[in-house]
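Dear colleague,

I am passing on the structure below, and my notes on it follow. Please read them with the sequence and the model side by side.

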Amino acid sequence: MMTNKWMGAVLLGANLLAASCAAQAVTLQMGIGTSDIQTLDLDRATGYDSMLLNNLFNGLVRFPPGSADPAKLEPDLAEKWEESADHLSWTFHLRHGVQFHHGYGELHADDVVYSLNRASDPNTSSQSAAFEPFEKVEAVDPYTVRITLKRPTPGFLWLVANYRGGNITSRKAGEAPDSKLATQPIGTGPFEFAEHVPQQYVRLTAHEKYFRGKPKIDEIFWRFVASDSSRDLAFRSRQLDVIYGHREQRWVDSVKARSGVTLDVFGPGEFRALYLNRTIKPLDDIRIRQAIAYATDVDEIVQFVGKDVSQKGCSVVPPGYVGVDCSFNYHHDLEKAKQLLADAGYAKGLTLPVVVSNISSILPVMQVVQGQLAKAGITLDMKVVDHPTYHEDIRKDLSAIVFYGAARFPVADTYLTQFYDSSSIVGTPTAVTNFSHCSIGDEAIRAARVETDPAKQLAFWKTAQRQINDDVCGVPLFDLRQVWAHNNNVDYGYELEGDINISPPITELTTKK
């Protein structure tokens, strides 16, 4: 049930607004599933923080509102650009007159140089690894930026789009002696930061000098309501206009039956897979890894999660990503799983230590997997821990099987690099999320990363996926879609098919009646 503290805050805010604002400002109330934000630093933010910042920033190019398709990138802060014949130099021509928030002045090339260098620096950015191909970023003149690369980088434009490290901030704000970019972000987007009340909300206000026009929404409250039931109750009572939904089929079905409400289910989702850690015996034996794959009934798992909120995986690369290859996947075969175990010397079964998070999107699914593997004679000794401990333990190789879900930039290289390239093995200086300690696809993954011929690049990605599947580095399960809902008096101003920042962006065209 919604807490009295939160309800009181909402009602008090409403009373103050009514008493002080004769012009009746158009206010949008959004409810998200967290108790607070972690940071508003554009180069450190993830999850809910990135969702919020999506409304404050622009990149040189952008995904059109409502799309997460890399093929549809369009001009944003840059009006146009050119690529050199050798693919090593890109020149961007900036719009004139773009204004930063809070009087920080006009956007110039120096701001772009500062922002991209900041995104490339591991001391200031969690996204720095993605910018490794950058050799130099320089201001040719106040409205022209040139980026020089170390090598041809297919998909380069994705790095300078309105997603995490591609967003642009003010050099003046960032280099000020009392810089507060982590708590008071400065962007050029349709909304600007106004205030943060811890454990209650962040308030954004319309950027009146936004280069695409003043927003039709005057202010946005991002309300922190961690409880799914409390968030839904506030939504039902119209205290919230847009909410982050409960990603389960029962809730989706209930929203579909309501009048005056629109359900928003879109991607990219968070791709769930079982990563098999070969450093824990006997998972160094491919027959054991194959047995786990054959014992896993993905169709049953997808049915358990829900047909509307999940999409069955067909490869180690998530469905819908550029370069995914669905020509191969394991099918459920319990007898084959038992035979493989017997062949490996485990006819009487085996037990594996597994660390599992206690959160609702992980524990129930792993309980289903536990039951499936038990039928083949594979016992999962599950240690259930809180979510932060789970993240610590799986990076210490304490779990034989890691059930992990993540949303990444929707292109094959992102997932192949972060989860299956040996440079990303957990516990190493360049660690990302290679829990399997897989290395078999390295050559093809790295060749694809520098291949400028699209057909050849796709072929390398296909080879890598085939090798990783054959070696059973992981067992792909399903894509958990993003689930939101909004009242029908809210019009986003675009058709919501997807969003790279996994939330419905509120733009200058969004309205509320």
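**Cavities and a run of strands**

The second largest cavity holds about 70 Å³ of space, where a cavity is a set of points, on a 1 Å grid over the protein atoms alone, at which a 1.4 Å probe fits but cannot get out, and a volume is the space filled by probe spheres set on those points, joined across faces, edges and corners. The model is predicted, with local features needing pLDDT of at least 70 and side-chain atom pairs pLDDT 80 or more, while totals for chains, interfaces and linings use all residues. Residues are numbered from 1 along each chain as its sequence is written, and side-chain values use heavy atoms, without hydrogens and water.

Among the residues lining the second largest cavity are Asn54, Asn162 and Arg164, a lining residue being one with an atom within 4 Å of a point. The largest cavity has a volume of about 190 Å³; of its 20 lining residues, Asn54, Arg62, Asn162, Pro505 and Thr507 are the closest to its centre.

Turning to the strands (DSSP runs E of at least two residues, numbered from the N terminus), E8 (residues 191-197) pairs with E9 in the antiparallel sense over six bridges, pairing requiring that DSSP finds at least two bridges. These two strands form a hairpin with three residues between them, and Gln199 in the turn has a positive phi of about 65 degrees. On E9 (residues 201-206), five of the six residues are buried, that is, under 20% relative accessible area with a 1.4 Å probe and protein chains only. E9 is also joined to the antiparallel strand E10 (residues 219-224) by five bridges, with Val202 opposite Trp222.

With best regards

Terms used
On a 1 Å grid over the protein atoms alone, a cavity is a set of points where a 1.4 Å probe fits but cannot get out, and a pocket is an open set with protein on both sides within 12 Å along at least five of seven lines; lining residues have an atom within 4 Å of a point. Buried means under 20% relative accessible area, exposed over 50%, partly exposed in between (1.4 Å probe, protein chains only). Helices (H or I, at least four residues) and strands (E, at least two) are DSSP runs, numbered from the N terminus.
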